Amino acid sequence: SAGDRSTIVAFADTIDAVAKALGPIHALIAHSFGTAAATVAADRGTPIGAMLFLAPPSDLRLYLENLIEALGLPSGIVRRVQERLGSLVDRTWQSIEPLNLAPSMRIPMLTIHDEDDRDAPIQLGRQLVEAWPGAELDVGELVAQHCSLALNPYPRAPGAVRPDGVLSAEEAPETPAKPNPFAVLREIRDK
């Protein structure tokens, strides 16, 4: 992305770029919308050996409806927002919906989901596991939200060599403050 917005498809492109640069991904751990991106990447053929999902959203439309409600936008704009977002990524909404992609997945997947998760209800995790052949669900107390925060965002195997051009966390330039990514939704509301 240019830095002021991103999409599930852009996340999936990043996962694919990592696999192309470093080789097949042995295991991928993803949280929330990252799980949708991982599913899209796998659907496109990115080599991933196994996946661990934390609080996956199987129904992106539900998330969109909740966001629109939280922003005070009229519920009638859901379809327009879906179409606009689809045009941004040259894909239909249905083609990035994890629940639609799950039945064709052949990658082992474990979902960890907190039964009391208010942001990503447990039924979303259950739906995805039921649709994904061979997937399993582990209902963990608070682990789904907190485990991802404890992981090293720049994991390296001992002795791993970083490819030319890939910066370490310390070498990465500071990014300037970015505009609110939801400003475009406010513009839609005001029209």
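Mentor: Two residues are in contact when heavy atoms of theirs lie within 4.5 Å of each other. Keep that in mind as we look at this predicted model.

Trainee: Thanks! Let me start with helix H2, residues 33-43: why is this helix called largely enclosed by the rest of the structure?

Mentor: Buried means under 20% relative accessible area. In H2, 9 of the 11 residues are buried, so the helix is largely enclosed by the rest of the structure. The buried ones are Gly-34, Thr-35, Ala-36, Ala-37, Ala-38, Thr-39, Val-40, Ala-41 and Ala-42.

Trainee: Which helices and strands do the buried residues of H2 pack against?

Mentor: There are helices H1 (8-22), H3 (60-70) and H5 (98-101), together with strands S1 (28-31) and S2 (51-54). After H2 comes Gly-45, with a positive phi near 100°.

Trainee: Now to Ser-32. What makes Ser-32 buried?

Mentor: Set its value against the cut-off: Ser-32 has a relative accessible area of 16%, and buried means under 20%. We therefore call Ser-32 buried. You will find Ser-32 in the loop between S1 and H2. Leaving aside neighbours within four places in sequence, Ser-32 has contacts with Leu-54, Ala-55, Pro-56 and Pro-57.

Trainee: On to the rings. How many aromatic pairs does the structure hold?

Mentor: The structure holds 1 aromatic pair, formed by Phe-53 and Trp-132.

Trainee: Why is the pair of Phe-53 and Trp-132 called edge-to-face?

Mentor: Take two steps. The ring centres are 5.7 Å apart, and a pair needs centres within 6.5 Å. The planes make an angle of 85°, and planes over 60 degrees apart count as edge-to-face, so that name applies.

Trainee: What makes Phe-53 and Trp-132 a pair that ties together parts 79 residues apart in sequence?

Mentor: Phe-53 belongs to strand S2, while Trp-132 sits in the loop between helix H6 (122-131) and strand S4 (136-139), so the pair joins those parts. Both Phe-53 and Trp-132 are buried.

Trainee: Let's move to charges. How do you know that Asp-13 forms a salt bridge with Arg-44?

Mentor: The closest N and O atoms of Asp-13 and Arg-44 are 2.8 Å apart. The cut-off is 4 Å, so the two qualify as a salt bridge. The count for the structure comes to 4 salt bridges.

Trainee: Where do Asp-13 and Arg-44 lie, and how many residues apart are they?

Mentor: Asp-13 is in helix H1 and Arg-44 is in the loop between H2 and S2, 31 residues apart, and the pair links distant parts of the chain.

Notes
Residues are numbered from 1 along each chain as its sequence is written. This is a predicted model: local features need pLDDT of at least 70, side-chain atom pairs count only at pLDDT 80 or more; totals for chains, interfaces and linings use all residues. Side-chain values use heavy atoms; hydrogens and water are left out. Buried means under 20% relative accessible area, exposed over 50%, partly exposed in between (1.4 Å probe, protein chains only). Helices (H or I, at least four residues) and strands (E, at least two) are DSSP runs, numbered from the N terminus. Rings of Phe, Tyr and Trp (its six-membered ring) pair if their centres lie within 6.5 Å; planes under 30 degrees apart count as stacked, over 60 as edge-to-face and the rest as tilted. A salt bridge is a side-chain nitrogen of Lys or Arg within 4 Å of a carboxyl oxygen of Asp or Glu.
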